[in-house]
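Hello,

Here is the structure we talked about handing over. Please have it open while you read the notes below.

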Amino acid sequence: MAALPRAARPPPSAPPPSLLLPLLLLGVAGRAAPGLGPELQVERRSVPEQCPRTVRAGDFVRYHYVGTFPDGRKFDSSYDRGSTFNVFVGKGQLIAGMDKALVGMCVNERRFVKIPPQLAYGSEGVPDVVPPDSVLHFDVLLMDLWNSEDQVQVHTYFKPANCSRTIQVSDFVRYHYNGTFLDGTLFDSSHNRMKTYDTYVGIGWLIPGMDKGLLGMCVGEKRIITIPPFLAYGEDGDGKDIPGQASLVFDVALLDLHNPKDSITVENTFLPEECERRSRPGDFLRYHYNASLLDGTLFDSSYSRNRTFDTYIGQGYVIAGMDEGLLGVCIGERRRITIPPHLGYGEEGRGNIPGSAVLVFDIHVIDFHNPSDTVDITSRFKPDNCSVLSKKGDYLKYHYNASLMDGTRLDSTLNLGKTYNIVLGSGQVVLGMDMGLRDMCVGEKRTVVIPPHLGYGEAGVAGEVPGSAVLVFDIELLDLVSGLPEGYMFIWNEEVSPNLFEEIDKNGNGEVVLEEFSEYIHAQVASGKGKLAPGFDADMIVKNMFTNQDRNGDGKVTAEEFKLKDQEARHDEL
């Protein structure tokens, strides 16, 4: 049932005098209540341990009773009617003996009352019910107690250490509650439904007492709110589980709080000393996060998947609050982003995120880049003699340390004890590294930052480089062997012999086979007359050169087939 919606109720009216007598429960069994006179006898048969308040003249009470004659015959019972007896005390609405007997009772107290005829129905009695001059016995259990001057009572029994904001009028809240009557009987519980009660406060969506009782609460706070019936469901109750004139007790735990006018809030928990650039719309971010509700309940975490969340920002790829909260971050920054539901997942929620939930993201920015970014090169050391610069085709030997932007080490040649060797511009490394090694001199040290579209892209390298990762290489160039002109895999360092074919064809049979060709080229390289492109397999280069000369593919080169590269109609890059 929904125990809290507002219902308009008329002010309570007192029932006519009746022999049905209200009673509250409090007392010690067998102990007489003092000050009631010799003719009225009250035995307190059961008294609760706690009794914050007792019945006074002018209070309104709800109680159950059984009325009997001294011989044990029953003449009336509220239990038989299935409803409490509800009445004001001390206003002449009860027989005089009951008016006195109820004073001083506690809720949940049980009293046994003996009322003489002069304080009951006297010599007249009640026709067909109570004979004249009857002594009446009442077994009374007090269920409820309130006064028309009562207000909402609030008792906070837990309050979190941090309370940056409390409930104000027009806020939207999500809370759990147990709803009981004053005697402790449970009539409703959001816990049983496993669903919070979600509502606006202070705009008439709740009974007036709850509207007042929730004001000033912090998220995480627990309080008991006691509401008199005229600020609850009044004389008629709710027509289902709550009887008329019932005081209500709500044990409330506040889980969530926001206002429809709220925007996101951002709290920096760590800001790196250096921040060369902050994120802006269109950037691609990789970040870790823990995501929780406002009461601390964790609902998601990138750490549990051991993988960053990767997305563009400012372009609608994530919820609006996160799109805004990720702007202006530095690499390495940690921040807490609190997002109201209208900038999160709204009234419907999503998956294990409840509807109308405030979301809290604790994020750690690992890296970000923009698709328009190029390689960033910082020279950390240059030798005095730095005239020979690396270019396409050069054979380079270098050391490197590779890491992610957050400092996570990926790889290092120093750990392997050998250099990394490549031919620049040959596609042996990612494009960003190729760019980062250009125009570098031996002995130079650089830091090269490579965006993923010039590195390993969205896929990364399984088990080694995360997808869409920005890479950082600290490089030291140790050796450089100049390459050949573009398009050449072999060049002559001296004038070419006019009888070149004859020199290669040692047996003079007019045909050159691969073995003859290979022996001749390697001899020229060994003597310094020729040079092969550095960094490649020499035998493979020679074989490719021979294949280019073997026009008809018969495994032999004739004088008619043999041509130097500058004699070719087009350059055939080897």
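This is a predicted model: local features need pLDDT of at least 70, side-chain atom pairs count only at pLDDT 80 or more; totals for chains, interfaces and linings use all residues.

T378 sits in strand β20, which spans residues 376-381. Beyond its neighbours within four places in sequence, T378 is in contact with K445, R446 and T447. G346 is 32 residues away from T378 along the chain. The C-alpha atoms of T378 and G346 are separated by 46 Å.

Next, S247. Is S247 buried or exposed? S247 is buried, because its relative accessible area is 3% and the limit for buried is under 20%. S247 lies in the loop between β12 (222-227) and β13. Residues up to four places away in sequence are left out of its contact list. What remains is D144, L145, W146, T180, F181, L182, I227, P228 and P229.

The largest pocket has a volume of about 810 Å³. Which of them gives the largest share? That is β14, with four residues. In total, 27 residues line the largest pocket. S164, L294, R336, T338 and V360 lie nearest its centre. By class, the lining has twelve nonpolar, ten polar and five charged residues. Domain 2 (153-258) and domain 3 (265-369) each supply at least three residues to this lining.

- "Domain: PPIase FKBP-type" is the UniProt annotation for residues 58-146, 170-258, 282-369 and 393-481.
- Residues 58-146 are 11% helix and 38% strand, with end C-alpha atoms 9 Å apart.
- Residues 170-258 are 12% helix and 39% strand, and here the end C-alpha atoms are 9 Å apart.
- "Domain: EF-hand" is the UniProt annotation for residues 492-527 and 537-572.
- Residues 492-527 are 53% helix and 8% strand, with end C-alpha atoms 11 Å apart.

Over to you.

Best wishes

Note on methods: Residues are numbered from 1 along each chain as its sequence is written. Side-chain values use heavy atoms; hydrogens and water are left out. UniProt positions are given in the numbering used here, feature names are shortened, and annotations may be inferred rather than shown by experiment. Helices (H or I, at least four residues) and strands (E, at least two) are DSSP runs, numbered from the N terminus. On a 1 Å grid over the protein atoms alone, a cavity is a set of points where a 1.4 Å probe fits but cannot get out, and a pocket is an open set with protein on both sides within 12 Å along at least five of seven lines; lining residues have an atom within 4 Å of a point. Grid points are joined across faces, edges and corners, and a volume is the space filled by probe spheres set on the points. Ala, Val, Leu, Ile, Met, Phe, Trp, Tyr, Cys and Pro count as nonpolar, Asp, Glu, Lys and Arg as charged, and the others, Gly among them, as polar. Domain bounds come from an automatic or database domain assignment. Contact means heavy atoms within 4.5 Å. Buried means under 20% relative accessible area, exposed over 50%, partly exposed in between (1.4 Å probe, protein chains only).
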